[in-house]
Amino acid sequence: MDFLTLAKERFSVRSFQSKPVEQEKIDLILKAAQLAPTAVNYQPQMIYLLKSEEALDKISALAPTYEAPMVFLICADENRTWKSKMEPGYSTGEMDATIVTTHMMLEAWELGIGSVWVRLFDSRKVANAFNLQENIKPICLLPIGYAAENCVPYAPWHNVYRPIEDFTITL
Ligand SMILES: Cc1cc2nc3c(=O)[nH]c(=O)nc-3n(C[C@H](O)[C@H](O)[C@H](O)COP(=O)(O)O)c2cc1C
């Protein structure tokens with residue numbers, strides 16, 4: 001599939017089959033995570049594969065996961081992120097982790113696997129639940145799985161996009 005077709009056809013899947021995602025597909029999604037660009041190629045992503053009933057119950061209590069058979073918890077390891085000398089306190093961890101997540105989401109779709117990006121959680125509670133070290137910052141979740149048969153884009157405005165002139169300024 002060419003990139004723009006994939007980008008246009010993908011939509012957030014919030015209704016999944018219970019069928020697990022095959023390991024070969026998980027490996028390809030992780031390959032896409034590995035290939036993502038990050039600041040100075042520091043690769044600060046830490047990805048937790050939440051697959052056990054215990055881990056899925058824990059995360060579902062803290063965030064919407066739509067009963068997906070598997071959830072990726074994508075974090076930034078602040079010990080590895082690029083830090084600005086010009087702007088003390090600024091690091092690219094969140095940016096790096098979100099590029100990684102975008103790669104994973106698009107690769108998943110290419111493989112016929114649905115996903116939904118989730119940020120509706122308190123990162124401190126997620127960090128506590130999984131005993132994450134102080135330097136590991138939860139950035140987002142990616143519940144994944146095969147879409148339920150009748151799954152369609154949730155919002156009727158799914159295909160409504162701002163005109164390009166609306167969000168660009170040529171100087
Ligand atoms: C940064 C970010 C955070 C999001 N958080 C949530 C979320 O917490 N729960 C959810 O159901 N969808 C969430 N989404 C999915 C968006 O609602 C969805 O991508 C958007 O409405 C466009 O719809 P589409 O993905 O079907 O094209 C999030 C997406 C992004 C990019």
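Around the ligand sit F11, S12, R14, P64, V116, W117, V118, R119, L120, P153, A155 and H158, where a residue counts as near if its C-beta atom, placed from the backbone, lies within 6 Å of the molecule. Sorted by class, this shell holds eight nonpolar, two polar and two charged residues; here Ala, Val, Leu, Ile, Met, Phe, Trp, Tyr, Cys and Pro are taken as nonpolar, Asp, Glu, Lys and Arg as charged, and the others, Gly among them, as polar. The model is a predicted one, with local features requiring pLDDT of at least 70 and side-chain atom pairs counted only at pLDDT 80 or more, while totals for chains, interfaces and linings use all residues. Residue numbers start from 1 along each chain as its sequence is written.

Four strands make up an open sheet in the order 1-2-4-3, with antiparallel pairing. Strands (E, at least two residues) and helices (H or I, at least four) are DSSP runs numbered from the N terminus, and two strands pair if DSSP finds at least two bridges between them. Strand 1 (45-50) and strand 3 (114-115) are the edge strands, each with a single partner, so one side of each has no neighbour in the sheet. Helix 4 (residues 93-110) packs on the sheet and touches strand 1, strand 2 (70-77), strand 3 and strand 4, its direction making about 10° with that of strand 4. Contact means C-beta atoms, placed from the backbone, within 7 Å; axes are lines fitted to C-alpha atoms, for helices over the stretch in contact, and angles run from 0 to 180 degrees between N-to-C directions.

Going through the pairings, strand 1 is joined to strand 2 by six bridges in an antiparallel arrangement, and Q45 has A76 as its bridge partner in strand 2. Strand 2 and strand 4 also run antiparallel, joined by eight bridges. Along this pairing, V71 faces P143 of strand 4 and I74 faces C140 of strand 4. Strand 3 is linked to strand 4 (residues 136-145) by two bridges, again antiparallel: G114 is opposite G145, and S115 is partnered by I144.

A residue is called buried if 20 or more other C-beta atoms lie within 10 Å of its own, exposed if 12 or fewer, and partly exposed in between, with C-beta atoms placed from the backbone. Seven of the eight residues of strand 2 are buried, so the strand is largely enclosed by the rest of the structure. Strand 4 is mostly covered, with ten of its ten residues buried.

Helix 4 also packs against helix 2, at an angle of about 145° and with the axes 8 Å apart. The contact involves L28, I29, A32, A33 and L35 from helix 2, and V100, H103, M104, E107 and A108 from helix 4. By class, these residues come to eight nonpolar, one polar and one charged.

N41, in the loop between helix 2 (23-35) and strand 1, has a phi near 55°, a positive value in a residue other than glycine. N41 is exposed, with 9 other C-beta atoms within 10 Å. Y66, in the loop between helix 3 (53-60) and strand 2, likewise has a positive phi of about 55° without being a glycine. Y66 is partly exposed, with 19 other C-beta atoms within 10 Å.

Note on methods: Contact = placed C-beta atoms within 7 Å.
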